[in-house]
Amino acid sequence: MIKTINVDLKENSYPIQIGTGNINDIGAYLKSYIQPTKVLIVTDTFVKDCFAPTVRESLQGSGFDVSLVDVPVGESSKSLDQFARIQDSLVTHQLDRRSVLVALGGGVVGDLGGFAAAVYMRGISYVQIPTTLQAQVDASVGGKTAINHQKGKNLIGAFHQPKLVLIDVNTLSTLPHSDLRSGLIEVIKMGVIRDELLFEMVENNLDAILHLDAKTLIELIARACANKAEIVAKDEKESGLRMVLNYGHTFGHALEALTHYKVYRHGEAVSIGMHCAARLAVNIGMFSETDYERQKVLLQRTKLPITLPQNLSPEAICDAMSLDKKTVDGKLRLILPTRIGEVVIRDDVSETYIMEAISQCY
């Protein structure tokens with residue numbers, strides 16, 4: 001069973017292919033888009049052992065000249081040091097402007113590899129093969145690439161669309177349950193911001209999702225990707241509509257930065273951020289207590305955290321939020337829900353209300 005979602009960006013359009021076992025055919029897929037040339041696989045030390053041999057064999061079988069570089073597992077690899085290592089590999093293996101970078105792994109590898117492709121020789125083609133749920137439904141789609149700065153997440157980056165996103169749900173079998181649950185936050189988020197039926201899919205099929213039922217996963221991922229593809233097609237460079245995808249991320253990114261990316265998985269931080277944003281929306285009269293509870297219950301059923309750590313003060317969190325990329329002319333842009341399935345962008349919420357909501361989320 002294969003589902004294909006198209007991201008319509010004119011000359012930058014590309015397909016998202018979702019199925020089971022399709023990672024074995026990446027060479028044939030890629031050959032149908034790009035003439036065989038040199039390829040650099042960027043992966044991490046865990047995924048390298050799980051899936052890199054299959055990907056390398058498939059690419060070589062289709063005539064590609066394949067090299068590989070791996071980075072340590074974890075958010076700390078989205079750094080200038082690891083970025084430089086990938087650039088060194090690109091130069092050492094003499095990739096040129098017709099060459100391709102394949103990002104094989106989770107969101108960290110996708111962001112890092114995509115950014116490396118975006119700037120090498122002013123931009124070469126790349127392919128996303130996301131192996132985590134978070135990457136499959138969010139990070140691999142839309143062309144946002146970046147590395148972190150010690151003062152903030154994803155502060156150094158570029159928009160660079162892939163040529164192909166290939167999603168094999170079988171790769172999710174290697175994930176710890178905590179990572180699977182963490183990735184599910186991006187589906188829940190998409191449900192809150194624009195698709196109540198998607199939210200209901202998670203509510204009604206949570207056990208099947210967590211038990212990796214392939215049919216359920218393909219339908220869920222395809223619907224989430226279709227939503228994101230539609231948003232990206234309307235706003236590729238995040239000048240307006242696309243900002244709604246940051247629901248929960250302003251609070252979440254601040255939490256990640258303050259804990260040096262070592263305490264929370266990205267999805268866990270976003271879960272706490274969504275809870276904070278929903279509480280703020282209730283406090284200012286935008287969001288009903290009923291929908292607030294509905295989101296809260298689903299996050300709790302998914303066993304995701306919703307409370308802030310006691311050792312971080314509201315002042316520290318608020319200060320960290322001010323460094324967020326979504327701050328414009330000193331005004332913090334917040335994505336706040338009005339109901340399950342709809343959010344709005346607000347830049348007029350006072351710091352007093354923000355601090356109050358943070359204080360209620362410990």
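Start by selecting helix 5 (residues 107-119), which lies across strand 3, strand 4, strand 5 and strand 6 and runs at about 170 degrees to strand 5. Helices (H or I, at least four residues) and strands (E, at least two) are DSSP runs, numbered from the N terminus. Axes are lines fitted to C-alpha atoms, for helices over the stretch in contact, with angles from 0 to 180 degrees between N-to-C directions.

Before going on, a word about the model: it is predicted, so local features need pLDDT of at least 70 and side-chain atom pairs count only at pLDDT 80 or more, while totals for chains, interfaces and linings use all residues. Residues are numbered from 1 along each chain as its sequence is written, and side-chain values use heavy atoms, leaving out hydrogens and water.

What is the order of the seven strands in the open sheet? The order is 1-2-9-6-5-3-4, and the pairing is mixed. At the edges you will find strand 1 (3-7) and strand 4 (65-71), each pairing on one side only; two strands pair if DSSP finds at least two bridges between them. From one strand to the next, the twist averages 15 degrees.

Next, pick strand 3 (residues 38-44) and strand 5 (residues 100-105), a parallel pair joined over four bridges. Here V42 stands opposite A103 in strand 5.

Move to strand 1 and strand 2 (residues 14-19), which pair in the antiparallel sense over five bridges. These two strands form a hairpin with six residues between them, and K10 in the turn has a positive phi of about 55 degrees. Look for I5 too: the bridge partner of I5 in strand 2 is I16.

**The cores**

Keep I16 selected. Leaving out residues up to four places away in sequence, I16 touches K3, T4, I5, V7, V141, V165, I167 and C225, where contact means heavy atoms within 4.5 Å. The largest nonpolar core has 81 residues, and I16 and I354 touch the most other members. Such a core is a set of buried Ala, Val, Leu, Ile, Met, Phe, Trp, Tyr and Cys residues joined through side-chain atoms within 4.5 Å. Apart from this core lies another, of 21 residues, among them V55, L59, L164 and L166.

**Two helix pairs**

For the contact, select P314, E315, I317, C318 and M321 in helix 13, which meet E351, I354, M355, I358 and S359 in helix 14. Angles under 35 degrees count as roughly parallel, over 145 as roughly antiparallel, 65 to 115 as roughly perpendicular and the rest as oblique.

Then find helix 7 and helix 12 (residues 289-301), packed at an angle of about 160 degrees with their axes 11 Å apart. That makes helix 7 roughly antiparallel to helix 12. R181, I185, I188 and V192 of helix 7 make the contact with Q295, L298, L299 and R301 of helix 12.

**Last stop: E186**

Finally, zoom in on E186 in helix 7 (residues 177-194). Is E186 buried or exposed? At 2% relative accessibility, E186 counts as buried; buried means under 20% relative accessible area, exposed over 50% and partly exposed in between (1.4 Å probe, protein chains only). Neighbours within four places in sequence aside, E186 is in contact with Q134, V137, D138, H249, H266 and V270.
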